[in-house]
Amino acid sequence: MGDPTTYHFDLDATLRPKHAMLEERWWPGIRDAALEASSARIYDPIRGVRAVVIHATAGGSSAGAASVIFDRKASFHWLVPDEDEPQHGSFVWATCHEARAAWHVRNTCCHPAIWDGRGRINHWSLGIEVVNRQVRSDAFSDWQVEATAQIVRYAWAKYPNLRHVVSHAMLDPARRSDPGRLFPWERLRTAVLDGREERVSELVARAAEVEAVRPSAPLCMVV
Ligand SMILES: [Zn+2]
């Protein structure tokens, strides 16, 4: 088990993927609420994004997590469903506009390892919530970890200055411990930096090219 207040790693710009797919759907009806539960970014919405913050909900349902946005209390950009929900294994929920600063970290929080200790992290970060009860009996599923990694890879490909992946606990150790001791941080790090999925699609694309240039045999002789 790890110490969530130490969970972080940096993204090496030389390994940045050119593109990364993300299977996501908007949570039904949340877009307008998310506009009211977020702020205009004070930095450029593409070049100004420097970090991804990993959270866990401490509740057992995506609906419970999404309700804080409908209540305009807090917000985050994506929600990773729990294993007993029908979306698990298929897609993640988009819950706030990426161009907006979602409300997922207190403004006063900062850490020297994360963009030289700057505050107002929401303005230069994206937030991911993973649905998990935060109790010993509720393990994170492999798919939840992979889906979280895929969101990070998607963001890494999209935001050229994205450098830090960090836990909420590291940014706010006095008040938060998420994503918790049971979150497999090393596995997340490996999945983000490894990027097998894109390599597989590249191989498939290359195979398709070979197929395309191969002279096609006549299916039938027309005389
Ligand atoms: Zn959190």
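**Entry 1: a way in through S9**

I started with a bridge: His-8 has Val-166 as its partner in S9. A word on labels: helices (H or I, at least four residues) and strands (E, at least two) are DSSP runs, numbered from the N terminus. I am working on a predicted model, where local features need pLDDT of at least 70, side-chain atom pairs count only at pLDDT 80 or more, and totals for chains, interfaces and linings use all residues. Residues are numbered from 1 along each chain as its sequence is written.

I then looked up the pairing around that bridge. S1 and S9 run antiparallel and are joined by three bridges; I count two strands as paired if DSSP finds at least two bridges between them. On S9 itself, I found His-164 and Val-166 pointing one way, Val-165 and Ser-167 the other, and all of them buried. For burial I use C-beta atoms placed from the backbone: a residue is buried if 20 or more others lie within 10 Å of its own, exposed if 12 or fewer, and partly exposed in between.

**Entry 2: the whole chain**

I stepped back for an overview. The chain has six helices and nine strands. Of its 223 residues, 40% are buried. I also checked the contacts, meaning pairs whose C-beta atoms, placed from the backbone, lie within 7 Å. Among contacts with a separation of 6 or more, 78% join residues 24 or more positions apart.

**Entry 3: the sheet**

In what order do the strands of the open sheet stand? I read seven strands as S1-S9-S4-S8-S5-S6-S2, with mixed pairing. S1 (8-10) and S2 (24-26) stand at the edges with a single partner strand each, so one side of each has no neighbour in the sheet. From one strand to the next the twist averages 20°, taken from lines fitted to C-alpha atoms (for helices over the stretch in contact), with angles from 0 to 180 degrees between N-to-C directions.

I also noted S5 and S6, which run antiparallel with two bridges between them. There Trp-78 stands opposite Ala-94 in S6.

**Entry 4: strand S4**

Next I looked at S4. Six of its six residues are buried, so the rest of the structure largely encloses this strand. In a regular strand the side chains alternate between the two faces of the sheet. In S4 I see Ala-51, Val-53 and His-55 on one side and Val-52, Ile-54 and Ala-56 on the other.

S4 runs parallel to S8, with six bridges, and parallel to S9, with four. I followed Val-52 both ways: Leu-126 stands opposite in S8, and Val-165 stands opposite in S9. Ile-54 is bridged to Ser-167 in S9.

**Entry 5: helix H3**

I checked the length of H3 (residues 142-158). The expected span is 1.5 Å times one less than the number of residues. For the 17 residues of H3 this gives 24 Å, and the end C-alpha atoms are 24 Å apart, which agrees.

Is H3 mostly covered or mostly open? It is mostly covered, with twelve of its 17 residues buried. Those include Val-145, Ile-151, Tyr-154 and Trp-156. I find the buried residues of H3 packed against S4 (51-56), S5 (78-80), S6 (92-94), S8 (125-130), S9 (164-167) and helix H5 (185-194).

I picked out Gln-150 in H3. This residue is buried because 23 other C-beta atoms lie within 10 Å. Leaving out residues up to four places away in sequence, Gln-150 touches Ala-20 and Leu-22. Glu-23 is 127 residues from Gln-150 in sequence, but their C-alpha atoms are 8.9 Å apart.

**Entry 6: the nonpolar core**

My working term here is a set of buried Ala, Val, Leu, Ile, Met, Phe, Trp, Tyr and Cys residues joined through C-beta atoms within 7 Å. The largest such core has 57 residues, and Val-52, Leu-79 and Ala-155 have the most contacts inside it. H3 gives the most to this core, with eight residues. Setting aside neighbours within four places in sequence, Ala-155 is in contact with Val-52, Leu-126 and Leu-162.

**Entry 7: a loop residue**

Last, I looked up Phe-76, in the loop between H2 (62-70) and S5. Why does Phe-76 count as buried? Because 28 other C-beta atoms lie within 10 Å. Beyond four places in sequence, its contacts include His-55, Cys-96, His-104 and Ile-128. Phe-76 and Ala-34 are 42 residues apart in sequence and 8.7 Å apart from C-alpha to C-alpha.

Note on methods. Contact = placed C-beta atoms within 7 Å.
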